[in-house]
Amino acid sequence: MLIANWKSNGSKAMAIDWFKNFFDKYSFKNHETFIGIAPPFVYIDQINSLKKSNIKTGLQDIEPFSGARTGSISANMAIDLGCSFSMIGHSERREFFKESNDQIKEKIINLDKKIIPILCVGETEKENIAGKTKHVIQNQLEIIKNHELHDLFTVAYEPVWAIGSGQTPQAEEINEIHKFIKDVVQSISTNNLVPDVLYGGSVTDLNAMSFFEQDFVDGALIGGASLDGSIFADIVNIFNGTKNK
Ligand code: PGA
């Protein structure tokens, strides 16, 4: 699974260029690979008309309820527009919009399997230096305790200090954390689900292969490098080439 997280970037013109560049480069076609684009919601309809069928659209954040939730995009609207997934609890939502673990829990539980949740977890630089990475992630995952998860529930491991910084953990460290995440989710979810775990944080076409070579890395959540359709296509091609050897 490869997800392009456009964050609050893009325009109608950019979306047209993006798909042109993407399809020029997208060579290693494997229709099994889940390729998702999470643009700002206002561009979803346009992107649905530009994309081809094996590419999915999704949200960067979601509100499970409809009605009295001014400013929010509800799960029913996402489904109405053909979205198949939503990121939940991205560190920028946690930092700039003060989303707490409790609010993130509400979202996951009340989505009630309507859409694939991609739960984002990860430690800050300070927590990393203090050796608290697993402890922090365990806490962030506790919200799904005793909950029956969507079969395709996915976790994105995104160390906060790696996002947009050009720095990343070593590929082996990422692999170890991904194994930890799979074990925790399996042991605390009611349906003992072993989730796919994506890595996110400064993934580029230059370092992607080192991550994809790791056994427990099932894909990537890509911010900055996903804004260029050609680079994102390169990363998809590298993924397909590495995971299908
Ligand atoms: P980045 O962002 O690839 O620009 O580091 C990743 C993310 O925030 O999801």
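Predicted model: local features only at pLDDT ≥ 70, side-chain atom pairs only at ≥ 80, totals over all residues.
Which hand does the crossing of H7 and H8 have?

**Entry 1: H7 and H8.** I looked up the crossing and found that it is right-handed. Helix H7 covers residues 133–141 and helix H8 covers residues 171–188, and I note that the two pack at an angle of about 35°, their axes lying 10 Å apart. From H7, the residues that make the contact are Thr133, Lys134, Ile137, Gln138 and Leu141. From H8, I list Glu176, Ile177, Phe180, Ile181, Val184, Val185 and Ile188 as the residues that take part. Sorting the contact by class, I get eight nonpolar residues, two polar ones and two charged ones.

**Entry 2: the cysteines.** How many disulfides does the structure hold? I find zero. Cys83 is in no disulfide, and the nearest cysteine sulfur to its own belongs to Cys120, 16 Å away. Taken from the side of Cys120, the closest cysteine sulfur is that of Cys83, and because the two sulfurs are 16 Å apart, they are too far from each other for a bond. I also checked whether these residues are covered: Cys83 counts as buried because its relative accessibility is 7%, and Cys120 is likewise buried, with a relative accessible area of 2%.

**Entry 3: Glu32.** Where is the place of Glu32? I located this residue in the loop between helix H1 (12–25) and strand S2 (35–38). Is Glu32 buried or exposed? With a relative accessible area of 73%, Glu32 is exposed, since the cut-off for that word is over 50%. Finally, I compared the position of Glu32 with that of Glu106: the two are 74 residues apart in sequence, and from C-alpha to C-alpha they are 31 Å apart in space.

Technical notes: Residues numbered from 1 in each chain as written. Heavy atoms only, no water. Axes fitted to C-alpha atoms, helices over the stretch in contact; angles between N-to-C directions. Helix = DSSP H or I, 4+ residues; strand = E, 2+ residues; numbered from the N terminus. Left-handed = near helix turned anticlockwise from the far one by under 90°. Contact = heavy atoms within 4.5 Å. Nonpolar A, V, L, I, M, F, W, Y, C, P; charged D, E, K, R; others polar. Disulfide = S-S within 2.5 Å. Buried < 20%, exposed > 50% of the residue type's maximum accessible area, 1.4 Å probe, protein only.
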